[in-house]
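The following report describes selected local features of a single structure. Please consult the sequence and the model shown here alongside the text.

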Amino acid sequence: MKIYADYAATTPVDTQVIESMMEVYQKHYGNASSIHNIGRDARSILDASRMSIAKLLNVQPKEIIFTSGATESNNLAIKGVAYQNQHKGKHLITTKIEHHSVLHVFQQLEKEGFEVTYLDVDSNGIVQIETLKSALREDTILVSIMFGNNEVGSIQPIDEIASILNNHKAIFHTDGVQTVGHLQLDLKALGVDLFTITAHKFYGPKGVGLLYVKEKTPIQYQQLGGSQETKRRAGTENIPLIKGMQVALELAQKDLDDRNVKMMNLKSELIHRLQEKMIPFEINGDMNQSLSHIINIHFPFSDVEIMLTILDMNGVYVSSGSACTAGSIEPSHVLSAMYGNDIRTKQSIRISLSHLMTNESIDYIVSQIESIYQNAMKEG
Ligand SMILES: *Cc1c(COP(=O)(O)O)cnc(C)c1O
């Protein structure tokens, strides 16, 4: 058996998405900047996709910048705001649990003379409002706090944070990657200035995403060249991928409730089966303020590297949540922020689910974890 349960890392592309992209590749190959008929035809696909995505997110079409994915969107949002607003202050705020495409940008900005506050989270992986309030300063120009965490699934109180920042000049960016298809998104109502999305986390293609930039947000555009994306992000638009993202987003929103129910059932099945088999475990984070597809579990009888290797050999594809460099896994910065130096950070794995999975796939995962547990017990 082969069970992929690493959907927070990436998802397979939906067949309907592939078909929509094929049609653009085959029939609408023009450059959207060409003024002849073939170019205008490509432009009309691009415009329609932008309109449809804007509607789904409840924003204006001109507030969307298409990018190559979340890493680019995060870089653009953070550097763009920092550079454009540095005359108003050089203090920036983020959290200790961000994705590396956020954290590494802030670390670079620190080297360039910006001051960065990395907010602590509680043991559930959630930023406390008071922590943010006490970090805010007169010279804070940017706050970047992710919506749903990709390792433990914790959901931050983004609407509450946005309303606090309403009375502050700081611009508010959210990496919303993991929430698409899981939370109902209305970016206007949410009150953020900048919002990052990438298609391959919701059954769309890799290499395409977007940054929502609320009208009049002062930001320095990073990619210079042609006048695509109204001069905010130069480079010929990848219309097949953008079309694919549009269709994937439509499906994700349409089936949101059904998919969430499915994944919540799979999650409780997983917990139930682990308990039934008497496998010792603890859940990292709070089950009640968490995304339906992510569960991070501490197994106190094995080391994460050994566990991932054995699971991989037996066809169970999960993750440690953190990046693995040259075969060695650093303890996750997210779990470290939640639990400090605890051994737990070295004994935890992330299982991320999909509506495509079945109870049988959960049973198989649990049976493999059970045999690791039994072997660990034998070895004493
Ligand atoms: C996957 C992910 C990213 C990076 O997305 P890419 O499109 O692969 O660059 C950024 N943030 C979060 C929270 C993610 O899960």
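## Positive phi angles

Asn58 is partly exposed, because its relative accessibility is 35% (buried means under 20% relative accessible area, exposed over 50%, partly exposed in between, with a 1.4 Å probe and protein chains only). Asn58 belongs to the loop between helix 2 (37-57) and strand 2 (64-67); helices (H or I, at least four residues) and strands (E, at least two) are DSSP runs, numbered from the N terminus. Although not a glycine, Asn58 has a positive phi of about 55°. Most residues other than glycine have a negative phi.

Thr230, also not a glycine, has a positive phi near 45°. Thr230 is located in helix 8 (residues 228-231) and is exposed, with a relative accessible area of 60%.

## Basis of the values

This is a predicted model, in which local features need pLDDT of at least 70 and side-chain atom pairs count only at pLDDT 80 or more, while totals for chains, interfaces and linings use all residues. Residues are numbered from 1 along each chain as its sequence is written, and side-chain values use heavy atoms, with hydrogens and water left out.

## Strand 5 and its partners

Strand 5 (residues 140-144) is largely enclosed by the rest of the structure, because five of its five residues are buried. Strand 5 pairs in the parallel sense over three bridges with strand 3 (residues 91-95), and likewise over three bridges with strand 6 (residues 171-175); pairing requires at least two DSSP bridges between two strands. Val143 in strand 5 is the bridge partner of Ile93, and Ile171 in strand 6 is that of Leu142.
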